Amino acid sequence: WDGASIRSDALAEARRRLGNDCTCDAAQLASLQRAVLDEIEPRPGPGRTRLGPYWGFILPSGSPDDERLYVTRLEALARCGWQAFLRKSLGLEPMPDALGALPALSPLLHGNAVHGVLERIVSETLPERRRDLAEALEAGPVEVAWPDERTLETWVQEEAARAAAEEGIRSGAFIRALAARVRGDVERARSLAWPDGDAARVFGVELQGTVLISRDEGAPRPLHFRVDAVDAGPGGVQLTDYKTGNPISLAKTPKTRAKHFAAAMERGESLQAAAYVQGALQLTGIERASGRFLFLGASTPETSRHFEVAGEDADLAAAFQLAASTALDAFAAGVRPPRLTEVGKDAEPRSCQYCEVSEACSRGDSGARARLRDWLAHRAEDPPKPGAEDAYYRLYTLGRTGRADR
């Protein structure tokens, strides 16, 4: 049966009975409504193996060079393009919790306070503020001593109060609770980043840097980053990103943890450390460098606190360049795929369970998940031509099948 024809007759009859003076064409309106319905819930046929405008296709942004694009933006795009679009581009906030009237020790609040203390330990010693990685490396390292107990406690309390105030929280009890958690993470940073316990040779903190990403055609594209701390380590320049969240891997053996780390990089989800080291090595006069994540959370086992990318690791460097260039292509093409299903599986990713903007997504719609799965299977057999659909497919399958490679 012709749904559009029946709908057109129904619309015309309703307008006659209601005396509606609308001048729009009933057949055209019915056709448009039928097209929308077919897009939302396609009938069996070719519609099941194509994706329409509701699947994360937005207007192309042009060249990523047109804006200051950071590596963390690409990581968010690789994890879930639709979530990144909702949060980063549209600025959507999570739905308010009706039971969340009292302030909470959120991960963001906690992380800001920890970073504030670690930055202050160094910035109080540096003779002048260093903002750029190249500038800091040229100026040379400065020996930074660990502060005494009284000074450190003062800074912890002040940074906890500052971070809380930025969220509109003034409660003294809340600030003391936050400071207690922050102090533990700061002490763990001392054991990891101050090898002698009392002093470290530091180039700077919260430094801006740039890494050039290779491309098949044209000049390399710049990607920006902010590095938490840059030290003079035994293996050359050491660039560190402090983390207060969950570690990349909790595997028992170093080999398995390294494998999990490499897989996360290949998926485009843990690119910062590699961006740091590649950006440093692209500077004149820097021959040896390493980038690392240091996880400071109290519940993190000692074996899972440290993940490093060495400058001489060609495989990780290649994985970083491929992941970054793939995400940059998708960003420029205007594709923001909702990651509704795992590649090759009929199951949604675990991250969907705690997505803060899932109300604005098709998550939980079995029909949408099946359609995406069918499209991926079809495209695996018939890869799309270069363009938005090709960028979409390569980003979605990045690090998950061999088909993402160029």
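Which residues are linked in a network of salt bridges? They are Arg120, Glu124, Glu158, Glu159, Arg162 and Glu166. A salt bridge here is a side-chain nitrogen of Lys or Arg within 4 Å of a carboxyl oxygen of Asp or Glu.

Before I continue, a word on the basis of these values. This is a predicted model, in which local features need pLDDT of at least 70 and side-chain atom pairs count only at pLDDT 80 or more, while totals for chains, interfaces and linings use all residues. Residues are numbered from 1 along each chain as its sequence is written, and side-chain values use heavy atoms, with hydrogens and water left out.

Across the whole structure, the search finds 24 salt bridges.

Helices are DSSP runs of H or I, at least four residues long, numbered from the N terminus. Glu356 is partly exposed, at 44% relative accessibility, and Arg87 is likewise partly exposed, at 28%. On this scale, buried means under 20% relative accessible area, exposed over 50%, and partly exposed in between, with a 1.4 Å probe and protein chains only.

My next example is Asp382 with Arg379, a salt bridge of 3.8 Å from N to O. Asp382 is partly exposed, with a relative accessible area of 39%, whereas Arg379 counts as buried because its relative accessibility is 13%.

The remaining example joins Arg394 to Asp390, with the closest N and O atoms 3.2 Å apart. Both residues belong to helix α13 (residues 388-396) and are separated by 4 residues, about one turn of the helix. Arg394 and Asp390 are both buried.

Where does Arg394 of α13 make contact with α11? The axes of α11 and α13, lines fitted to C-alpha atoms over the stretch in contact, come within 9 Å and cross at roughly 140 degrees, on a scale from 0 to 180 degrees between N-to-C directions. The contact, meaning heavy atoms within 4.5 Å, is made by Thr326, Ala327, Asp329, Ala330 and Ala333 of α11 and by Ala388, Ala391, Arg394 and Leu395 of α13.

Note on methods
Helices (H or I, at least four residues) and strands (E, at least two) are DSSP runs, numbered from the N terminus.
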